[in-house]
Amino acid sequence: MNAMEMKDDAGRLAAFMRFPLFSGLSAQELSGFLEGSSVQAVKYERGDVLFRAGDEPRFLFVLLSGSVHICRDAKDGRRMIVATVDKPGESLGGVYLFLKKRSYDRYAEADGQAVLLRVSREFFEDPLSAARPYYGKLMMNLLRIVSEKAFMLNRKLQLLSSGGLRRKIAGFLLEQEEASGSRPVRMKREEMADFLGVARPSLSRELMQMQREGLVRADGKALFPADREALQRLADGE
């Protein structure tokens, strides 16, 4: 699917202009970018793989709708969710395009139907692309995105190494609430267990106990911090 077909659908061009990668681009510049042969909109179904570990990085992906899990497999075969991309405009795969190591060390798969823009690596490497008026803006935006992802990865590493399961859950809920603008955590328990690198039964038992103690509140699949001060003390190791 050509990306230009997407931009005229219900005013999507205006929505695209709010994406971090396209920040500062004019409507004309963005249209010119989407018209290029290096950009394509692709639809994925649940379980479809965007890339596999060991594949050569070929694209920068920008989420238009749906969600995508970034995963790796533990030594015992368990899938571990490294990150979930679920906000329109989020990008993935950008870091790998510029590494000397030309292969992924994890994989990405669609969680339900998802539509993404794929920008080929050749666009960023082509000297003719650098002559385009919007190229500098795209590269600066991409640098900012990659820097923010590195910062968030560092915070996740701190979370996963923070100690016991309860402390990890507390830190995770507070982090997710801050990142989503106080929206509840809507993640399947299996996915949450994968993200935290723990067994699902252990996670479920601890969450039930934290509910009984009034630390968290559940509404179906949604989790809410019920006592933020107590959770913050747990996350801080107090």
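View 1. Leu203, Glu206, Leu207 and Met210 are the buried residues of helix 10 (buried: under 20% relative accessible area; exposed: over 50%; partly exposed: in between; 1.4 Å probe, protein chains only). These buried residues fall within an arc of 100 degrees when seen down the axis of helix 10, so they line one face of the helix; the arc is that of the directions from the helix axis to the C-beta atoms. Arg205 and Arg212 are exposed on the other side of helix 10. The model is predicted: local features need pLDDT of at least 70, side-chain atom pairs count only at pLDDT 80 or more, and totals for chains, interfaces and linings use all residues. Residues are numbered from 1 along each chain as its sequence is written, and side-chain values use heavy atoms, with hydrogens and water left out.

**View 2. Span and end of helix 10.** Helix 10 covers residues 200-212; helices (H or I, at least four residues) and strands (E, at least two) are DSSP runs numbered from the N terminus. At 1.5 Å a residue, its 13 residues should span 18 Å, and the end C-alpha atoms are 18 Å apart, which agrees. The expected span is 1.5 Å times one less than the number of residues. Gly214, with a positive phi near 80 degrees, follows helix 10.

View 3. Over 2 bridges, strand 9 pairs with strand 11 (residues 222-225) in the antiparallel sense. Leu223 in strand 11 stands opposite Val185.

**View 4. Strand 3 and its partners.** Of the 7 residues of strand 3 (residues 59-65), 6 are buried. Strand 3 runs antiparallel to strand 8 and is joined to it by 6 bridges; Leu60 has Val119 as its bridge partner there. Strand 3 also pairs with strand 6 (residues 91-92), in the antiparallel sense over 2 bridges, where Phe61 has Leu92 as its bridge partner.

View 5. Arg118 lies in strand 8 (residues 114-120). Arg118 is buried yet has no salt bridge (a side-chain nitrogen of Lys or Arg within 4 Å of a carboxyl oxygen of Asp or Glu). Asp55, the nearest side chain of opposite charge, is 9.9 Å away; Lys and Arg count as positive and Asp and Glu as negative, while His and the chain ends are not counted. Not counting residues up to four places away in sequence, Arg118 touches Ser38, Val39, Gln40, Val42, Tyr44, Phe59, Leu60 and Phe61 (contact: heavy atoms within 4.5 Å).

How values were computed
Two strands pair if DSSP finds at least two bridges between them.
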